[in-house]
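Please open the structure in your viewer and keep the selection tool at hand.

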Amino acid sequence: MSDDNHPLPYPAPSGDHETLVIPGEQKADAAPRPRRRRRWPWVLLIVALVIAALAVASELLARALLPGIVRGIVIEQLDLPADQQLDVDASGILIPQLISGRLDSLHLSTDAVTLEGITGAVDVTATGIPLQGGELAGADGTIRIDESQFTTLLASSDLPVDSVSFDAPDATVAGSVNVLGLAVPISLTLTPGVAEGDVELTPVRLTVGGLAVDASQVGSSLGSVGERLTEPQRICIADQLPAGLALTGLAIEGSEAVIDIDVNGAIATDPALLEKGVCPGR
């Protein structure tokens, strides 16, 4: 008995049949998808740099304008010459201070300024300066004068002052006194200081006619005039300075007399403090 069920042959491969891809698997020869680079960090960096550049530009602009504004106000308030040399410098970063309406610190200096007949170099630092008006938190500084200006400063004293020479820490006053109708040359060496806002001069030694004189002999040699010369001298110079300035120290340093001053913070709001002060009895 023969078998009529012969197996049928497999169909020949053909491009007409689709290749099945198992889900979740990738073709071995497929190229990987390129990753996109994140650009936002670079954008933030550029923005930060632009902001920083603007801040620097604003700071430079503020520093360029502020000195001229302050200089103009000071010259007007103190009635100084229009061409008065005055350097102005603000400390710290200005933009936040300008926004807050108050400067932390302001430094003003000049090599030569004349106030009430006395010419010297002035260096002052003010703190807590309100931009919308108001009192300063405080201010202090120094005035430096040479021998000729110190001579002018002592002109209102009872000392016989023709000239002054410095030999730190002392100053020597040269002049003459009248004894029995004769002009007797004297030289008085003193140590300068400040007492209760006045200039104080403490005698160190005295020469009369070129000869050193003992303090006990001064009375017999020069009478009452000589006795006064051996006592500490107090000189008020308040009438030579704005009322808002007070002397706190005085010392001879090299070829200069250095006067320490304290400035009343209300000088920015009270015009009376810009007027010259008053000495008792004058």
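Begin by selecting Leu106, Ile145, Phe150, Leu201 and Ile259: within the largest nonpolar core, which has 56 residues, these touch the most other members. Such a core is a set of buried Ala, Val, Leu, Ile, Met, Phe, Trp, Tyr and Cys residues joined through side-chain atoms within 4.5 Å; buried means under 20% relative accessible area, with a 1.4 Å probe and protein chains only.

The model is predicted: local features need pLDDT of at least 70, side-chain atom pairs count only at pLDDT 80 or more, and totals for chains, interfaces and linings use all residues. Residues are numbered from 1 along each chain as its sequence is written, and side-chain values use heavy atoms, leaving out hydrogens and water.

Next, select isoleucine 145. Beyond its neighbours within four places in sequence, its contacts (heavy atoms within 4.5 Å) include Phe150, Leu153, Phe166 and Ile259.

Strands are DSSP runs of E, at least two residues, numbered from the N terminus, and two of them pair if DSSP finds at least two bridges between them. Across this pair, threonine 142 faces aspartate 260 of strand 12.

Widen the view to the open sheet of six strands, ordered 1-2-3-4-12-11 with antiparallel pairing. At its edges are strand 1 (87-90) and strand 11 (245-253), each pairing on one side only.

Finally, select glutamine 233, in strand 10 (residues 233-235). Is this residue buried or exposed? Glutamine 233 is buried, at 12% relative accessible area.

Conventions. Buried means under 20% relative accessible area, exposed over 50%, partly exposed in between (1.4 Å probe, protein chains only). Helices (H or I, at least four residues) and strands (E, at least two) are DSSP runs, numbered from the N terminus.
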